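Trainee: I would like to learn how to read a few backbone and ligand features. Please show me the model and take me through them.

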Amino acid sequence: MMEQKGTTKDQGSISRRDLLRGAGAIAAGGAFAAAGGTTLVGMAEASKQAGGAIYPWKYAKIDPDKAAMVAYNNWYRNFCSYGAASGIIVPQRELVGGPWNSFPLMALKFGEGGVEGWGTLCGCLLGGSVAISLAAGHDGKPMINDLMQWYSETMQPVFKPKKPRARFKSKTVSGSPLCHISVGKWMKAEGKSLGSAERRDRCARLTASVSYKIATMLNDWADGKYKPSYTNKQSAVGITTQNNCTGCHGSDVPSPI
Ligand code: HEC
């Protein structure tokens with residue numbers, strides 16, 4: 001039962017070896033020794049609680065610029081949701097391997113255009129949040145909150161690659177995590193259509209910006225120095241929402257009950 005060197009190329013299933021690696025187990029003298037207090041029984045229990053697999057996965061700190069460039073280039077392959085997740089997951093495959101190799105990035109492609117063009121949650125936030133969840137588990141909640149708020153309140157896109165595939169002038173604040181509003185405000189400012197090279201590059205850069213931001217948050221979290229900063233408090237208004245009610249409702253904001 002010695003652990004073999006090399007990584008699995010299997011995209012469909014998580015092998016036992018992946019599970020053991022993901023949980024940080026080490027092979028010693030033909031037997032699996034417990035690392036960091038993790039035992040096979042402990043892992044089986046954790047797996048049961050996580051719905052049948054190990055969760056979260058071991059995270060190694062990554063260069064945010066690398067995360068951004070992977071995301072940028074992958075936008076041009078399979079768009080925002082795939083791209084933002086890949087900015088974190090592809091470097092993890094290289095540094096950690098194990099379960100990260102088994103994640104089918106293509107399963108996130110549907111997030112494009114705010115889920116298959118419906119303009120709901122921006123795909124970068126969807127795919128990016130999956131990556132946060134895989135890396136940080138329940139610790140990911142404040143990071144996802146911070147990501148949503150930062151995305152909405154910042155002049156975007158923040159990231160500019162050294163050799164952009166298209167040039168444009170506008171940066172815009174979406175005031176919203178919704179694809180429809182985010183893309184729409186930028187298109188209005190720049191005067192470019194949805195199918196234009198400029199709009200496409202804007203979304204590729206925004207995807208890169210999101211992976212960059214996630215890498216900085218996860219790196220801080222890995223160092224034990226991550227501090228949440230979000231202020232959106234849905235519970236205070238008694239409805240699932242973003243907080244800028246008047247942006248959509250005008251002055252006549254309805255009350256939930
Ligand atoms: C991104 C845009 C957007 C934001 C931001 C937003 N809403 Fe809405 N909300 C809507 C739309 C659109 C509807 C559906 C309205 C309709 O069909 O008449 C709606 C419906 C509602 C409803 C259901 C009752 C009704 O009159 O339709 C309530 C209650 C509500 N919103 C409260 C809020 C509150 C409180 C906030 C801020 C904390 C908020 N909304 C922020 C877009 C928004």
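Trainee: In which loop does proline 56 lie?

Mentor: Proline 56 lies in the loop between α2 (40-49) and α3 (64-95); helices here are DSSP runs (H or I, at least four residues), numbered from the N terminus. This is a predicted model, in which local features need pLDDT of at least 70, side-chain atom pairs count only at pLDDT 80 or more, and totals for chains, interfaces and linings use all residues. Residues are numbered from 1 along each chain as its sequence is written, and side-chain values use heavy atoms, with hydrogens and water left out.

Trainee: What kind of peptide bond joins tyrosine 55 and proline 56?

Mentor: Most peptide bonds are trans, and most residues other than glycine have a negative phi. The bond between tyrosine 55 and proline 56 is cis, with omega about -5°. Another cis bond joins glutamine 156 and proline 157, with omega about 0°; proline 157 is in the loop between α6 and α7.

Trainee: What is the phi of phenylalanine 79?

Mentor: Phenylalanine 79, in helix α3, has a positive phi of about 75° although it is not a glycine. Valine 115, in the loop between α4 (99-102) and α5, also has a positive phi, near 75°.

Trainee: Which protein atom is the donor to the iron atom of the ligand?

Mentor: Donors are N, O and S atoms within 2.8 Å of the metal (3.2 Å for Na, K and Ca); water is not among the atoms, so sites may look incomplete. The single protein donor to the iron is NE2 of His249, 2.0 Å away. Histidine 249 lies in helix α10 (residues 246-249).

Methods: Helix = DSSP H or I, 4+ residues; strand = E, 2+ residues; numbered from the N terminus.
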